[in-house]
Amino acid sequence: MNETSRIVAYIRAKAYSGERYTVSMPPFTLFFHEGSSDLSENYAILDQQLNEDVDEVLARLQLQFIERQRKPCLNFLDVSAPGLANHLKTAGFEEIGKWPLLTCTEDTYVAELQVPGLAFEMISSESPLEAVREGWNANARGYDMNADLATDEQVNEFRNHPGNWRGFTARLYGEVVGAGMFEVIRNGVTELVGITTLEPYRRRGIASALTAHATQIAFSMGVDVTFLIPANNEAHRIYTRVGYQHHATQMSYRLSIAQ
């Protein structure tokens with residue numbers, strides 16, 4: 001299984017949840033939510049190279065959604081299906097988003113950047129409740145300084161999430177300044193998410209150092225490919241300093257014409 005196929009398999013595995021059911025329709029897996037028609041809950045993922053007649057397979061995909069009174073929505077990596085975007089536009093789909101997907105391997109990784117006074121605490125399912133709460137709140141405040149603090153229920157649910165994920169709380173001379181994590185490792189692949197620095201401490205190299213540290217820990221736990229999706233151009237620049245390189249573009253399309 002090549003690198004792209006492993007990343008797609010990881011994305012597909014993340015999409016499974018107790019609130020959704022799936023329909024296998026190779027080369028797609030379709031995800032449907034019983035109680036919600038929102039596009040974020042109902043979509044198809046392209047699992048593999050699209051080698052079939054595109055018009056025929058898109059017609060079958062649309063039928064599955066229409067039968068369930070859902071708007072057809074398709075997510076895929078551009079490298080898995082060159083030319084698919086043009087077929088979708090011709091078929092009446094509209095682009096609703098595209099995001100660069102960056103990967104890092106031990107060959108591209110840049111050694112952890114040193115920031116004086118910066119240290120990291122690693123968090124896992126075994127960590128004390130208050131340590132998990134501190135990391136949770138740092139992450140929330142990194143995106144919104146007015147975010148609500150974590151409840152006991154939220155912290156317990158997060159800490160008890162199964163798998164070999166790891167969280168990281170960044171401290172500068174003892175002061176909490178940021179947080180982030182990598183998710184459950186699957187087949188040597190993991191995704192970094194939620195890398196953030198509290199606003200008063202930005203532009204000091206903390207996010208780059210945190211990304212490098214989390215990536216190195218992932219490698220030490222058997223990962224050989226880490227990936228992430230930067231939220232904006234500034235985040236993109238931060239990750240490239242650590243050795244993350246463009247691998248693909250994650251595309252999302254929905255059917256825009258009336259059925």
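Guide: P27 sits in the loop between β1 and β2 (28-33), where helices (H or I, at least four residues) and strands (E, at least two) are DSSP runs numbered from the N terminus. This is a predicted model, in which local features need pLDDT of at least 70 and side-chain atom pairs count only at pLDDT 80 or more, while totals for chains, interfaces and linings use all residues. Residues are numbered from 1 along each chain as its sequence is written, and side-chain values use heavy atoms, with hydrogens and water left out.

Visitor: Does Q69 count as buried or exposed?
Guide: Q69, in the loop between α2 (54-67) and β4, has a positive phi of about 55 degrees although it is not a glycine. Buried means under 20% relative accessible area, exposed over 50%, and partly exposed in between, with a 1.4 Å probe and protein chains only. Because its relative accessibility is 71%, Q69 counts as exposed.

Visitor: Which strands stand at the edges of the sheet?
Guide: The open sheet of 11 strands has mixed pairing and the order β1-β2-β3-β4-β11-β5-β10-β9-β8-β7-β6, two strands being paired if DSSP finds at least two bridges between them. Each edge strand has a single partner, so one side of each is left without a neighbour in the sheet; these strands are β1 (20-25) and β6 (118-123).

Visitor: How many residues of α6 are buried?
Guide: Helix α6 (residues 206-220) reaches 21 Å from its first C-alpha to its last, close to the 21 Å expected at 1.5 Å a residue, the expected span being 1.5 Å times one less than the number of residues. The helix is mostly covered, and the buried count among its 15 residues is 13.

Visitor: What radius of gyration does the chain have?
Guide: The C-alpha trace spans about 60 × 40 × 30 Å along its principal axes. The radius of gyration is taken over C-alpha atoms, and the globule rule is 2.2 Å times the number of residues to the power 0.38. With 259 residues, a compact globule would therefore have a value near 18 Å, and the chain agrees with this at 20 Å.
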